[in-house]
Amino acid sequence: MSGEGDAALVGIVLVSHSAAVARSVAELTRGLAAGGSAAPVAAAGGMPDGTPDGALGTSAELIVAAARSVDRGAGVALIADLGSSVLTVKALLLDEELPPGSRLLDAPFLEGAVAAVVTASTGAPLEAVAAAAGEAYDYRKA
């Protein structure tokens, strides 16, 4: 958890097989949530240092570090792209390796991340952040 004086906002972790995708979505969400105090967002994508640059994969080590870095005491929402990233987050939750109050959200990766960060930035609780992210499945584009 971060130092005293930090707002108790839900933290967001974006888990992708690609470090570049996770970083880009995190950057986009921060930009769209600007204007107030933004919720902490961390990208956990690709493989850890020491593997070939740009290597695709899911790293439990990176996910745990990202979750700890955004934990402000109001919960941590994790949004995963697909396959092994979802399974890795589920395993970390079962093994209680993530901060207390961590939750995997059932949401589309990009739209869900935007909704989660914007909602968390208002100071909303984890339950409201999860609901907003899940509602992104209903966004119609045509």
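The following legends describe close-up views of a predicted model of a single chain.

**Figure 1. Overview of the chain and its order of elements.** The predicted chain holds five helices and four strands. Read from the N terminus, these elements follow the order β-α-β-α-β-α-β-α-α. The chain has 142 residues, of which 46% count as buried. Its accessible surface amounts to about 7,200 Å², and carbon and sulfur atoms account for 55% of that area. Among contacts between residues at least 6 apart in sequence, 75% join residues at least 24 apart.

**Figure 2. Pairing of the strands.** Strand β3 in turn pairs with β4 in the parallel sense, over three bridges. Leucine 78 has leucine 104 of β4 as its bridge partner.

**Figure 3. Strand β3 and its two covered faces.** Five of the five residues of β3 are buried, so the strand is largely enclosed by the rest of the structure. In a regular strand the side chains alternate between the two faces of the sheet. In β3, Val76, Leu78 and Ala80 lie on one side, whereas Ala77 and Ile79 lie on the other. Both faces are covered, and all of these residues are buried.

Figure 4. Alanine 44 lies in β2. Its relative accessibility is 4%, and alanine 44 therefore counts as buried, the limit being under 20%. Leaving aside residues up to four places away in sequence, alanine 44 touches Val13, Leu14, Val15, Ser16, Ala22, Leu62, Ile63 and Ala66. The view may also take in histidine 17, which is 27 residues from alanine 44 along the chain. The C-alpha atoms of alanine 44 and histidine 17 are separated by 8.5 Å.

**Figure 5. The buried side of helix α5.** Helix α5 comprises residues 126–135, and its buried residues are Leu126, Val129, Ala130, Ala132 and Ala133. These residues cover an arc of only 165° around the axis, which puts them on the same side of α5. An α-helix has 3.6 residues a turn, so residues three or four places apart point the same way.

Figure 6. A search of the whole structure finds two salt bridges. One of them joins the side chains of glutamate 127 and arginine 103, with an N to O distance of 2.9 Å. Glutamate 127 belongs to helix α5 and arginine 103 to strand β4, so the pair ties together parts that are 24 residues apart in sequence. Glutamate 127 counts as exposed, at 55% relative accessibility. Arginine 103, by contrast, is partly exposed, with a relative accessible area of 32%.

Figure 7. Lysine 141 and glutamate 111 form a salt bridge, in which the closest N and O atoms are 2.7 Å apart. The pair links distant parts of the chain, 30 residues apart: lysine 141 is in the segment after α5 and glutamate 111 is in helix α4. Lysine 141 is exposed, with a relative accessible area of 70%, whereas glutamate 111 counts as partly exposed at 23% relative accessibility.

Figure 8. Leu28, Leu32, Leu110 and Val118 make a nonpolar surface patch of about 310 Å². Helices α1 (19–33) and α4 are the elements that give two or more residues to this patch. Leucine 110 is found in helix α4, and at 36% relative accessibility leucine 110 counts as partly exposed.

Note on methods. Residues are numbered from 1 along each chain as its sequence is written. This is a predicted model: local features need pLDDT of at least 70, side-chain atom pairs count only at pLDDT 80 or more; totals for chains, interfaces and linings use all residues. Side-chain values use heavy atoms; hydrogens and water are left out. Buried means under 20% relative accessible area, exposed over 50%, partly exposed in between (1.4 Å probe, protein chains only). The arc is that of the directions from the helix axis to the C-beta atoms. A salt bridge is a side-chain nitrogen of Lys or Arg within 4 Å of a carboxyl oxygen of Asp or Glu. Patches are made of residues with over 30% relative accessible area and no salt bridge: like charges are joined within 9 Å, nonpolar side chains (Val, Leu, Ile, Met, Phe, Trp, Tyr) within 5 Å. Accessible areas come from the Shrake-Rupley method with a 1.4 Å probe; for residues, only the protein chains shown count as cover. Contact means heavy atoms within 4.5 Å. Two strands pair if DSSP finds at least two bridges between them.
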